[in-house]
Amino acid sequence: MAQERSLPSVVERMWGREPVTRRGPRPRLDLATITAAAIEIADAEGLAGVSMAGVASRVGVAATALYRYVGSKEDLLTIMADSAAPLPPEPGGMSWRVYLALWTRAHRDVLLDHPWLLSVGRLVPPLGPRRLLWLDRALAALDGTGLDDGEKINVASALTGYALTDAALVHSVGGGDPQLEEAGIAGAADYGEVLAGVLDPETYPALSAAMRSGALRGAEGWVDDDDFRFGLDLLLDGVETLIGRRAARAAHRPEPGGRAGGRGGVAGAVP
C-alpha cells in the first residue's frame with residue numbers, strides 16, 4: 001500500500017490548499033500582502049532587516065497577529081524565496097537554445113535583483129508554484145529534442161546552477177572585499193597582475209603562464225557579460241551535442257521487432 005504523503009503546511013499555504021474556516025471575523029490580511037511587505041524589506045535592508053515584528057509593523061498589525069498567516073520566520077522566508085521570482089519568460093515559438101539562453105539570463109537577473117535570495121535559497125527540489133513554473137517552461141522548451149524527461153530536468157538543473165554561481169560571483173565581488181581593497185586590487189586585471197608576481201612557475205606552471213600572458217588583462221572590474229555568455233554557450237553547446245547524439249541514435253534504431261538498447265534518463269537535482 002502506497003504511503004500517504006502530505007506537504008509541509010507552509011507549502012500547502014503557498015498552493016492555497018489549506019482549509020478555509022468561515023468562523024470568526026474576516027481576516028484583515030492575506031499571505032500575498034505579507035509576503036510582498038517582507039520582500040520589500042529584504043530588498044531594501046537585506047535579510048537582517050526581515051523580522052516578524054518588522055513585517056507586522058509594515059502591514060499595520062501586531063506581531064502576534066502575523067502568526068495567524070505565517071507560522072514562523074523560516075516559513076516566511078520559504079514563501080519569499082518562491083514569490084520573489086517573476087513569471088518565467090514564455091517560449092513563444094523560440095528555438096530551445098534561444099529560449100534557454102533567455103531563461104538562464106532571466107534566472108540570473110532575478111538573483112541579482114534580489115541578492116538576499118542567495119542566502120535564503122537552499123539547494124533542494126522546488127515545491128512552490130512559481131519556481132515549479134520556471135522548471136515547467138524549461139522542460140517545455142526541450143520538447144521535440146529527443147531528450148528524455150530525466151535529461152531535460154538535468155539540463156534545467158545545470159543551467160540553474162550556472163545562473164546561481166554567476167549571480168553569487170557578481171554579488172560577492174560587487175560588494176567589495178576589505179583585503180582586496182587594502183591590497184589595491186580593484187578588478188580582475190589587478191588580480192591577474194598580483195598572481196603573476198606571486199605564483200611559482202614550477203609549482204603552478206599552467207596558471208602562472210596564463211597570468212603572465214595577461215589572461216585577465218583588459219577586464220573592467222570583476223564582471224564581464226562576455227564571460228557570462230561564454231560559460232552559457234559552453235553549456236548550451238553541450239546540450240546541443242547531446243541532442244545530436246540522441247538524434248543519431250534514433251536514426252540507427254532497429255525496426256520494430258528488432259533489439260534496441262534502452263535509453264535511461266538520469267533525474268538529477270531540480271532547480
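A: Begin with the inventory of secondary structure. The model is predicted, and its chain has 13 helices and 0 strands. Along the sequence the pattern is α-α-α-α-α-α-α-α-α-α-α-α-α.

Q: Among contacts between residues at least 6 apart in sequence, what percentage join residues at least 24 apart?

A: The figure for this chain is 75%.

Q: How do I read the span of a helix, for example that of α13?

A: Set the distance from its first C-alpha to its last against the span expected at 1.5 Å a residue. Helix α13 covers residues 225–251, which is 27 residues. Its ends are 38 Å apart, close to the expected 39 Å.

Q: Which residues of α13 are buried, and what covers them?

A: A residue counts as buried when its relative accessible area is under 20%. In α13 the buried residues are F228, G231, L232, L236, V239, L242, I243 and R246. The cover over them includes α6 (residues 96–113) and α9 (residues 149–174).

Q: How do α9 and α13 pack, and at what angle?

A: Two values describe the packing: the angle between the axes and the distance between them. For α9 and α13 the angle is about 170 degrees and the axes are 11 Å apart. An angle over 145 degrees counts as roughly antiparallel, and α9 and α13 are therefore roughly antiparallel to each other. On the α9 side the contact is made by E151, V155, A158, L159, Y162 and D166. On the α13 side it is made by D227, F228, G231, L232, L235, L236, V239 and R246. By class, the residues of this contact are 9 nonpolar, 1 polar and 4 charged. Several of the α13 residues named here, including F228, L232 and V239, are also buried.

Q: At what angle do the axes of α5 and α8 cross, and which residues make the contact?

A: The axes of α5 (residues 73–83) and α8 (residues 129–141) come within 6 Å and cross at roughly 35 degrees. The contact is made by A81, D82 and S83 of α5 together with P129, R130 and R131 of α8. These residues divide into 2 nonpolar, 1 polar and 3 charged.

Q: Which residues of α5 are buried, and what covers them?

A: The buried residues of α5 are D75, L76, L77, I79, M80, A81 and D82. What covers them includes α1 (9–14), α2 (31–45), α3 (52–59), α7 and α8.

Q: Where is R105, and which residues is it in contact with?

A: R105 is in helix α6. R105 counts as partly exposed because its relative accessibility is 25%. Beyond its neighbours within four places in sequence, R105 is in contact with D225, F228 and R229. Separately, R105 and D166 are 61 residues apart in sequence and 9.9 Å apart, C-alpha to C-alpha.

Q: Residues in loops come next. Where does P115 lie, and where does S213 lie?

A: P115 lies in the loop between α6 and α7 (117–120). At 28% relative accessibility, P115 counts as partly exposed. From P115 to V170 the separation is 55 residues in sequence and 9.8 Å in space, C-alpha to C-alpha. S213 lies in the loop between α12 (205–212) and α13. S213 has 52% relative accessibility and so counts as exposed. S213 and E193 are 20 residues apart in sequence and 9.9 Å apart in space, C-alpha to C-alpha.

Conventions. Residues are numbered from 1 along each chain as its sequence is written. This is a predicted model: local features need pLDDT of at least 70, side-chain atom pairs count only at pLDDT 80 or more; totals for chains, interfaces and linings use all residues. Side-chain values use heavy atoms; hydrogens and water are left out. Helices (H or I, at least four residues) and strands (E, at least two) are DSSP runs, numbered from the N terminus. The expected span of a helix is 1.5 Å times one less than its number of residues. Buried means under 20% relative accessible area, exposed over 50%, partly exposed in between (1.4 Å probe, protein chains only). Contact means heavy atoms within 4.5 Å. Axes are lines fitted to C-alpha atoms, for helices over the stretch in contact, and angles run from 0 to 180 degrees between N-to-C directions. Angles under 35 degrees count as roughly parallel, over 145 as roughly antiparallel, 65 to 115 as roughly perpendicular and the rest as oblique. Ala, Val, Leu, Ile, Met, Phe, Trp, Tyr, Cys and Pro count as nonpolar, Asp, Glu, Lys and Arg as charged, and the others, Gly among them, as polar.
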